[in-house]
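Work through the exercises below with the model open. Try each task before you read its solution.

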Protein chains: 4
Amino acid sequence: MTHHLTRFIGVVPPLCTPMTTDFEVDIPSLERLIAFQLENGVHGLFVLGSSGEAAFLTDKQRATVIEVTVRNVAGQVPVLAGVIDMTTAQVLEHARLAKQAGVDALVVTAPFYTRISQAEIIEHFRILHHAVNIPLFAYDIPAAVHTKITRETMRTLADEHLICGIKDSSGDEANFRSLAMDMGPRNDIQVFTGSELLVDAALLMGANGCVPGLGNVDPAGYVRLYEAARSGDWQRARQEQERLYRLFEIVSVGTHRMGIGSSAMGAFKAALYLRGIIQTYITGRPSILLNKDEITRIRHIMQAAELLGA
Amino acid sequence: MTHHLTRFIGVVPPLCTPMTTDFEVDIPSLERLIAFQLENGVHGLFVLGSSGEAAFLTDKQRATVIEVTVRNVAGQVPVLAGVIDMTTAQVLEHARLAKQAGVDALVVTAPFYTRISQAEIIEHFRILHHAVNIPLFAYDIPAAVHTKITRETMRTLADEHLICGIKDSSGDEANFRSLAMDMGPRNDIQVFTGSELLVDAALLMGANGCVPGLGNVDPAGYVRLYEAARSGDWQRARQEQERLYRLFEIVSVGTHRMGIGSSAMGAFKAALYLRGIIQTYITGRPSILLNKDEITRIRHIMQAAELLGA
Amino acid sequence: MTHHLTRFIGVVPPLCTPMTTDFEVDIPSLERLIAFQLENGVHGLFVLGSSGEAAFLTDKQRATVIEVTVRNVAGQVPVLAGVIDMTTAQVLEHARLAKQAGVDALVVTAPFYTRISQAEIIEHFRILHHAVNIPLFAYDIPAAVHTKITRETMRTLADEHLICGIKDSSGDEANFRSLAMDMGPRNDIQVFTGSELLVDAALLMGANGCVPGLGNVDPAGYVRLYEAARSGDWQRARQEQERLYRLFEIVSVGTHRMGIGSSAMGAFKAALYLRGIIQTYITGRPSILLNKDEITRIRHIMQAAELLGA
Amino acid sequence: MTHHLTRFIGVVPPLCTPMTTDFEVDIPSLERLIAFQLENGVHGLFVLGSSGEAAFLTDKQRATVIEVTVRNVAGQVPVLAGVIDMTTAQVLEHARLAKQAGVDALVVTAPFYTRISQAEIIEHFRILHHAVNIPLFAYDIPAAVHTKITRETMRTLADEHLICGIKDSSGDEANFRSLAMDMGPRNDIQVFTGSELLVDAALLMGANGCVPGLGNVDPAGYVRLYEAARSGDWQRARQEQERLYRLFEIVSVGTHRMGIGSSAMGAFKAALYLRGIIQTYITGRPSILLNKDEITRIRHIMQAAELLGA
């Protein structure tokens, strides 16, 4: 791993959005979550990503999340904001508001709902870059948007200086390695992995950082993993990652009754609730909520991973 | 085909959204398009669907489309409006505005971006139904939202009286037949096909109507097809459908350079432009626009389908 | 529907392969099944297709099925044989044996297991056509082989005179219509649908015949449906098809415990067993077998479809 | 990485099958390829896998490959053989012949062509294990067979002592890690990765070995990579892997004209031809063959990867 002058590096959890029983943003819980992350040494925060349930928030709620985060982080680490929406007109609106609110970078997916070509993905980034002068990350998440941002497209985005980084949540690690190899020799593009179960491997391949949803629950674990890898202690990195893998089993407690999205978001929130950081484990509608038995299973998994006392 | 007392029946084209060179709604063109549809005898209009490029419009632009359509249609036929967005909170906002603006029914897809279960799709419709008291169509379009609304879910939506109709754009005609067979004996659910190349077959199977994107370009053709089927003249219905199939080839003129979405939307708009109804064939960003050669090919296909003089 | 001079037309069920408790071909049952089909007026028989469990038979067993069928049919109707295997070398071996055994045509899928291009599919047919001089059907079944034979490829196969027909089991009826429209004006290519729930619609679109798996169980129903369509009585065709659709529910009785393949093949065989035509409802290994409760459900569905007395 | 007493460990290339211009097995070339592999220190050989074009060979040709390999290897390293076929009856035939010919283990995929459940995959292994008493590897390759062997199924196969190892070619590294973590504590199951671009990462995660198609071309590179990882020198392992990644670009030289399968197999063979080991770069029919320009590109990529002199 080479050192970079960029501020975008290291462990950057995609922050959950705590909710009240009215499905509004729970601001005190969000403030505690931000403080919890900073105390545990994360290197940045990413709000309004998939784990932040951006897909479940109104425009007004998105603005609240950004405002609260920028104010509470107060420049201690960079704040990245997702601008997740279907196409350029809508993303532009989110992007302008997020920039105005003071975030440090935006995270942009391929357009979705419509079926789009790679040429149009590039056009999307061109329009955004020229209209909103702020660092952009290209966010490859085909499980959500159902189009891959290819290696060739990533090269074009880099060569045209449209992006400052990549967040790869594709689950395609061979392609991730190609991105790390392509971008490694240049110093202007940071490559982050969203594969929260393979962070040690990603760092070995040259990743500049990680964006682990599970980092909401155990930021200290990911920071230890990152530091172990930075120091070349790959066995320690692996052991930490394996502990986190076992902890990750919380995400599937509800999958017999609900989508994996609801189960995973519910589990992250339930774990934060059990750790005393947020007030409820409510997820955005129409998600089904976890029940008591499922919460009990989460508690047991957390105890086994040494995150909760018995 | 049985007769129904519902107003929701027949040919209901999913209206294109004409745009200015600034990517704003071209209101005079939209008004001409509405008049053109009504003159040609369509039985309803569906705005802000996939063909209406709802995915490409800002909230303000969506409001404009609805306002202009409701005002111009003036009750002559029902107006259906799509409320396409990722999850319940956002769809609720669209739904309330659309209802207030006076549309007759809303068209609702499964949630997208997030991975959702059938139970959560049902919950989505329950929340919408109870919050916004207006007829709802369930819109099955897995190519856009990447989740199917299953036959069992449709039955539940019907049995709980959450919907008044189904718009099937799944391309799965065997499943469509099951919907037509399930809903046929009851009189409270209308089943529409979005398979614009199989309308004769869908009507044979018991469809109550169709929502053909190509109906923007040739509403009279679809009305003739519908009337032929209603009168039991299936050979005439088939011949009309085959002519429309050949006309449909306009949608692929651009697919070597752009996504099928941009090519198809561009083609519908170009055909309306060539017929003198709308002002530009601009599509929403980041779509690539059709070029002169591609427009020429569209012109030739339209001439062969007897829609334009030589 | 135009009349053709070809022998390949009408209802051509893909014959099940009855098995003994040792998983060998049950020859007496197969002979009764063939007689049952011929008595009910089918226009041809297709052995060793997907419904014939070709994927579950050894080469020796395939040879037995062909030998028994050719001998029992004795020229009364054409016999088509599947030559289902991964690539050209293996298919060539099956093809030579089948031709030698006296079948009238071969049914050929795209190569599978390997990932193949359309150009290589065409090459596959070229090699087969030139090596084995016998009529070939192109069999489009992406659910099994995971590659589609595209409309363009079908045109090439027809233009190079490599095929005499198409069996479409793609479930993509819009594409089926394009095949029917492309091949309709020429008299040398017959287009068959494998969509057993949409035969009326396919015939309306110009299909020359059908290859319904369910035709094993109720050949008379499909013959009535075909004759109704030929005489232009589309409402009667539709009613027969709807009855057959309800009968088709037998295929899903086991899907909570096994793959859809095993459930469907088991159901066809169980229905033939209940009709007294074959001896067991054993399916090829490693298929799970239907249990008594599931057989009881099949019996009830058959009674409702008027195939069995109460 | 823990040490195991098993013979199944380390670098086990999936041997290409050299062909003559008549598409027969080129025995002298195969013998040279085996000698080349052994000289370069591989720990085992896997014949008749996907890279061995098992899908393109007749039964007789498969027998030849096994016979030549067992004879030439003469017990120096273990020989694994693929028994790739659609379902149990056919796989059993291959398995019996391969065992009789003296291979050390068989490599078994999920059934394909038919749609199969996990319970039926388990049943498949049970039947094979009980009928043919020889070590079995479960081969997860959804890109070819279109069904995944799940983590739960792998656990069942291990717990019932049906398998001695896993070959994972799924491309799903998070799932691979779960297999490595599940099987790591027990000493009776070896976990091999087929992800030839991620061998360093797989070894970090606990893989016992690798089965790299590219190992045909550069066995010494994979042996160096494996030894570096074993000695804990992860930076050297990474550098070797990155060189091999760049070499892997040979596989895509033909993808504009043919399927990825033909392009990759053709490239491996062309590289072996350029190294003077095999006689032709012919691939099985209906594969399209690489042309001179594509061979020239392969030569340049090999030179850049220091495998050929300029």
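**Exercise 1.** Find which residues gather in a patch of negative charge on the surface.

Solution. The patch is formed by A:Asp59, A:Glu93, B:Asp59 and B:Glu93. Check the rule: patch residues have over 30% relative accessible area and no salt bridge, with like charges joined within 9 Å and nonpolar side chains (Val, Leu, Ile, Met, Phe, Trp, Tyr) within 5 Å. Each charge is placed at NZ of Lys, CZ of Arg, CG of Asp or CD of Glu. Areas come from the Shrake-Rupley method with a 1.4 Å probe, and for residues only the protein chains shown count as cover.

Before going on, note the ground rules. This is a predicted model, where local features need pLDDT of at least 70, side-chain atom pairs count only at pLDDT 80 or more, and totals for chains, interfaces and linings use all residues. Residues are numbered from 1 along each chain as its sequence is written, chains are lettered from A and ligands numbered from 1 in the order in which they are written, and side-chain values use heavy atoms, without hydrogens and water.

**Exercise 2.** State how many salt bridges the whole structure holds.

Solution. One network links A:Arg151, A:Arg155, A:Asp182 and D:Glu249.

**Exercise 3.** Describe the salt bridge between B:Arg243 and B:Glu240.

Solution. Start with distance: the closest N and O atoms are 2.5 Å apart. Next, position: both sit in helix H10 (residues 234–248) of chain B, 3 residues apart, so about one helical turn separates them. Last, cover: B:Arg243 is buried at 13%, and B:Glu240 is buried at 12%.

**Exercise 4.** Do likewise for C:Glu242 and C:Arg238.

Solution. Their closest N and O atoms are 2.9 Å apart. The two are 4 residues apart in helix H10 (residues 234–247) of chain C, so about one helical turn lies between them. C:Glu242 is buried at 14%. C:Arg238 is buried at 16%.

Terms used. A salt bridge is a side-chain nitrogen of Lys or Arg within 4 Å of a carboxyl oxygen of Asp or Glu. Lys and Arg count as positive and Asp and Glu as negative; His and the chain ends are not counted. Buried means under 20% relative accessible area, exposed over 50%, partly exposed in between (1.4 Å probe, protein chains only).
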